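Thanks for making the time this morning.

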Amino acid sequence: MKEPLISIIVPVYGVEKYLTQCVQSLINQTYKNLEIILVDDGSPDNSGALCDELAKTDTRIKVIHRPNGGQSAARNDGLAIASGEMLGFVDSDDYIDNDMYQYLYSLLSKYDADISVCAFRKFSEESGVLQKENAEEITSYSNKQAMKLLLEDELIGSHPCNKLFKRSIFGDLKFPEGRVYEDIALMHRVFAQANTVACSTKMEYNYLIRGNSTSYTQTAKWGYSLFKAFQDRCEFICEEYPEFSDIAIEKAIGAALGSFIHWAHFKRDAQLRAWGKEALGFMRNNRTEIKNCRNISSRRRKDAQLMVLCPDVLRIKYRLYYILKRRMK
């Protein structure tokens, strides 16, 4: 019996240096029934042309060229044309082990799961692999068990790239566009549709740590986007999974505090003031929860309480900190 088609969506932007290795790792998969969708997101370098060249080497590769709209828009364009019964996502500066999709598919089949998950192997160009290999442990989780693990963000994270999904559980869901940390804003909604999630500690996905990648770049906009992603998640969880609301609220409190503190580093224009007020409003609405945050340090908890009671004092405190830090360099 022919294995079901897996559609792999790869957003491409400014990765000419890494793209060939990424795509070659997909072409070389032991699981052969693949549809590889490269979405050139208006890349400023030669990545778009390279996508077209790579497509000539393998008939399974499809290429979309679109004006720059961000990773979410690129993934959504890929979703719109994906014809597979299953979905995978790979970032174009990463690469995967040759058996990753065969392995993830075997987990789906063995455990009758809707989502299967493997572990990341993090590496950098300067230092190589940054962690030891994990011993393989496989566990099958129910809907609520998997949701709790997703919210805790330890064993199961929100990144879609180390996962294989049945297409049916995505339905009409899309990544929120115009934002970063879109994975956090969406993945809980996808997991809510899964009856069973199979999770392995085996490292199959090779994740490049780059200093200028979205997750490792600090700006006020990204800080605000992280807060909004956790706020969206918090609202959903409090409505649909109230037993886990404490976890969701704690994560959102931490992100709101981080957004507010990061705001102190930048000039107070109208947009920043609006973002700061939104984060402050969330904190004040959840002030009674701050003292119950178990995974926030006592210093950060005090900062959160200060933010609620005297936000200008907290802003000035961190504004002075950033000024002194710059002068000491």
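Predicted model: local features only at pLDDT ≥ 70, side-chain atom pairs only at ≥ 80, totals over all residues.

Let me start with helix H7, residues 182–191, which is largely enclosed by the rest of the structure because nine of its ten residues are buried. Buried here means under 20% relative accessible area, with exposed being over 50% and partly exposed in between, using a 1.4 Å probe and protein chains only. Helices (H or I, at least four residues) and strands (E, at least two) are DSSP runs, numbered from the N terminus. Residues are numbered from 1 along each chain as its sequence is written, and side-chain values use heavy atoms, leaving out hydrogens and water.

Strand S10, residues 196–208, is also mostly covered, with twelve of its 13 residues buried. Pairing requires at least two DSSP bridges between two strands. S10 runs parallel to S6, residues 115–124, joined by eight bridges, and is antiparallel to S8, residues 138–142, over five bridges. Asn 206 in S10 is the bridge partner of Arg 121 and also stands opposite Tyr 95.

Finally, Ser 47, in helix H2 (residues 47–55), is buried, with a relative accessible area of 0%. Contact meaning heavy atoms within 4.5 Å, Ser 47 touches Val 12, Gly 14, Val 15, Glu 16 and Leu 19, not counting residues up to four places away in sequence.
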